[in-house]
Amino acid sequence: MPPHSTLGETPILTTSGDSVGSAGKEPSVRWQLAMKRAVRDPAELCQLLDLPQQFADAARRAAELFGLFVTREYLGRIGVGDPGDPLLRQVLPLDAEFDEIDGFVPDPLDEAHATPSPGLLHKYHSRALLVTTGACAIHCRYCFRRHFPYSTAPRSTADWRPAIQYLMEDTSIREVILSGGDPLTLVDDLLANLVAELQRIPHLTRLRVHTRLPIVIPQRVNDELLTWLKSTRLTPIVVVHVNHPQEIDSNVADALGRLVDAGIPVLNQAVLLAGVNDDADVLTTLSERLIDLRVMPYYLHLLDRVAATAHFEVGEAKARHLVHQLSERLPGYAVPRLARETAGEVSKTILV
Ligand SMILES: *Cc1c(COP(=O)(O)O)cnc(C)c1O
Ligand code: SF4
């Protein structure tokens with residue numbers, strides 16, 4: 001089975017029976033419909049965006065490595081007829097993905113060795129990351145988990161039991177990070193059940209959610225979601241993922257506003273990507289837009305050296321210079337930390 005072959009395929013059904021109750025109910029169904037209606041066919045994407053046939057041909061080839069998946073909501077923010085559009089570049093499969101470049105490998109972070117229990121990554125002191133699902137609502141071509149063995153990730157609450165047992169036994173863990181894939185591709189009933197189990201672990205105090213859903217399907221931030229996030233004893237923190245200011249339209253702004261209005265701290269992590277956001281003006285606008293929406297820039301990640309993503313790499317010297325330019329232009333709180341992940345380190349490495 002090719003890596004990621006399950007991604008994006010009807011994630012509502014990947015929960016083996018646990019998800020009953022939400023499907024078919026308005027209004028929660030609206031975001032699930034957005035998943036179903038997402039564009040997966042490279043020819044359709046290129047036709048909708050009026051791109052020449054050669055892009056469709058290349059995209060069809062590279063989509064064999066990692067499928068195309070982009071919601072209509074996100075697609076609507078991509079300029080028509082512009083192969084260089086910074087949002088398109090994040091989702092369009094390219095022939096460059098076939099390039100084999102020294103140092104770019106399937107698992108640069110050696111996550112296979114940080115997995116004490118299926119679907120759990122425990123690399124850093126006091127927090128552990130739960131891979132809740134392999135599904136995402138967008139397939140980012142630069143994704144550091146594009147080669148992750150998701151078939152081993154849990155698919156139902158019963159599958160999470162060993163991870164929950166591990167969390168129970170390690171009293172040094174204070175915070176659980178729901179990640180994936182994207183945890184918010186799971187239905188709220190399932191997530192609420194998971195959180196109910198987690199909050200029974202006495203030494204846990206915080207619940208972090210790493211998600212791109214508020215950006216790619218803003219209607220995902222619905223009342224059901226806010227209810228379980230707000231009603232848990234654990235302190236919730238949401239970390240979203242926006243790389244370019246053009247990703248934030250008025251619906252995204254509203255979705256982020258609903259989270260913040262609910263009293264939830266919202267942070268952003270971005271990945272520094274060649275041809276997308278490796279530009280001081282773009283990064284400045286991104287930070288300003290986020291701050292104005294009460295979302296705090298958190299990390300600007302250097303690309304993990306994952307096979308098939310070399311064409312996105314920005315050199316370290318340029319990256320440092322960009323962040324220096326940001327600190328000259330913005331208040332300190334609006335400057336993200338430039339971070340790199342190195343296998344075996346006790347935290348992400350902060351460069352600036
Ligand atoms: C990035 C990451 C975290 C979170 O790190 P913070 O610096 O707390 O944001 C936790 N676990 C794993 C495995 C990670 O990759
Ligand atoms: S949303 Fe995150 S996990 Fe999913 S493809 Fe994009 S970068 Fe990867």
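User: Which residues are linked in a network of salt bridges?
Analyst: In this predicted model, the network joins Glu-111, Lys-123, Glu-341 and Lys-348.

User: Why is the contact between Lys-123 and Glu-341 called a salt bridge?
Analyst: The closest N and O atoms of Lys-123 and Glu-341 are 2.7 Å apart. The criterion asks for a Lys or Arg side-chain nitrogen within 4 Å of an Asp or Glu carboxyl oxygen, so the pair qualifies. Lys-123 belongs to strand 1, whereas Glu-341 sits in the loop between strand 8 and strand 9, 218 residues apart.

User: What makes Glu-341 buried or exposed?
Analyst: Glu-341 has a relative accessibility of 14%; buried means under 20%, so Glu-341 counts as buried. Lys-123, at 26%, is partly exposed.

User: How do you know that Arg-212 forms a salt bridge with Glu-247?
Analyst: Their closest N and O atoms are 2.8 Å apart, and the limit is within 4 Å. Arg-212 lies in the loop between strand 4 and helix 8, and Glu-247 in the loop between strand 5 and helix 10, so the pair ties together parts 35 residues apart in sequence. Arg-212 is buried at 5% relative accessible area, and Glu-247 is buried at 0%.

User: Why is Asp-261 called exposed?
Analyst: Asp-261 has a relative accessible area of 58%, and exposed means over 50%; the label therefore applies. Its salt-bridge partner is Arg-294, at 2.9 Å from N to O. Arg-294, at 44%, counts as partly exposed.

How values were computed: Residues numbered from 1 in each chain as written. Chains lettered and ligands numbered in written order. Predicted model: local features only at pLDDT ≥ 70, side-chain atom pairs only at ≥ 80, totals over all residues. Heavy atoms only, no water. Helix = DSSP H or I, 4+ residues; strand = E, 2+ residues; numbered from the N terminus. Buried < 20%, exposed > 50% of the residue type's maximum accessible area, 1.4 Å probe, protein only.
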